[in-house]
Amino acid sequence: MYQLLIADDDDRMRKLLKDFLVRQQYTVYEADNGCGAIEMFHKISPLHLIILDVMMPKMDGWEVCRTIREKSSVPILMLTAKGEEYDELFGFQLGADDYIGKPFNPSILVARVGSLLRRSYPKQEESGGEWTKAGLSIHFAACRIYIDGAMIELSPREYDLLVFFVRNEGIVLSREQLLEKVWGFDYFGDLRTVDTHINRLRMKLSPYESYIQTIRAKGYRFEVNDEK
């Protein structure tokens, strides 16, 4: 049973979303301001996903997202009424996993929630095992990443992106392929989403960020330099 938190100061919006999500057998909690969202984040265990409105009293959604990302990689879906390109990019830079602008069809949001949950909490790899090369290690069954023996924290989307790169090592992958295979057919974002997540992933993989190579006019290629 997935446990979700909706943080939005619009009572009608929260009720509408909760009604739709409860029909999908999710357990749904609510907060009507940013400070309340932080309090609920600490109280609910486990918390599987947060739907977070940008414009809220006491603490806005950006600050809530930033605060939560300092402690957790729980999937965050941002809501905004602004509809500006900058807002989407800013949200991803803060660590949001998905984004939808108001007004929206609640059925579409529910579909996005389901897709994000499926990708964020996959069943254990059938083969299990471990992949290790030149200081970088992936433990598939535990969904954990290690750099030089120290575990690093990745968001679910960053983890899926890295695993897809590893499973296609040496192959040039276009942004379209990455969006389709990692985000899924039902994702409604654009290609800039891929670049933003790859930039974040590279920063977290330091000093091995060069393993993700940019191939001009083509896309990206993951290739390990064993001499690193």
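Does Glu158 count as buried or exposed, and at what relative accessibility? Glu158 counts as buried, at 0% relative accessibility, where buried means under 20% relative accessible area, exposed over 50% and partly exposed in between (1.4 Å probe, protein chains only).

This is a predicted model, in which local features need pLDDT of at least 70, side-chain atom pairs count only at pLDDT 80 or more, and totals for chains, interfaces and linings use all residues. Residues are numbered from 1 along each chain as its sequence is written, and side-chain values use heavy atoms, with hydrogens and water left out.

**Overall composition**

The chain has eight helices and twelve strands; helices (H or I, at least four residues) and strands (E, at least two) are DSSP runs numbered from the N terminus. Of the 228 residues in the chain, 51% are buried. The accessible surface comes to about 11400 Å², and carbon and sulfur atoms hold 49% of it; these areas come from the Shrake-Rupley method with a 1.4 Å probe, and for residues only the protein chains shown count as cover. A contact means heavy atoms within 4.5 Å. Among contacts between residues at least 6 apart in sequence, 59% join residues at least 24 apart.

**Nonpolar cores**

A nonpolar core is a set of buried Ala, Val, Leu, Ile, Met, Phe, Trp, Tyr and Cys residues joined through side-chain atoms within 4.5 Å. The largest one has 29 residues, of which Ile138, Leu162, Phe165 and Phe222 touch the most other members. Two or more residues each are given to this core by β7 (136–139), β8 (144–147), α6 (156–167), α7 (175–183), α8 (192–205) and β12 (219–222). Helix α6 supplies the largest share, six residues. Beyond four places in sequence, the contacts of Phe222 include Trp131, Leu136, Leu162, Phe165, Tyr211 and Ile212. A second, separate core has 24 residues, among them Leu5, Phe41, Leu47 and Tyr99.

**Salt bridges**

Side chains of opposite charge can pair when their charged atoms come close. With a salt bridge taken as a side-chain nitrogen of Lys or Arg within 4 Å of a carboxyl oxygen of Asp or Glu, the whole structure contains 14. Three of these pairs are listed below.

| Pair | Closest N to O distance |
|---|---|
| Lys18 and Glu30 | 3.3 Å |
| Lys102 and Asp53 | 3.2 Å |

Arg200 is buried, at 8% relative accessibility. Lys18, in helix α1 (residues 11–22), and Glu30, in strand β2 (residues 27–31), are twelve residues apart. Lys18 is partly exposed at 28% relative accessibility, and Glu30 is partly exposed at 32%. Through shared partners, Asp11, Arg14, Lys18 and Glu30 form one salt-bridge network.

**Asp53**

In an unreviewed entry, UniProt lists Asp53 for "modified residue: 4-aspartylphosphate"; UniProt positions are given in the numbering used here, feature names are shortened, and annotations may be inferred rather than shown by experiment. Asp53 lies in strand β3 (residues 49–53) and is buried, with a relative accessible area of 4%. Leaving out residues up to four places away in sequence, Asp53 touches Ala7, Asp8, Asp9, Gly61, Leu79, Thr80 and Lys102. Lys102 is partly exposed at 21% relative accessibility. Because Lys102 sits in the loop between β5 (98–101) and α5 (106–120) and Asp53 in strand β3, their pair ties together parts 49 residues apart in sequence.
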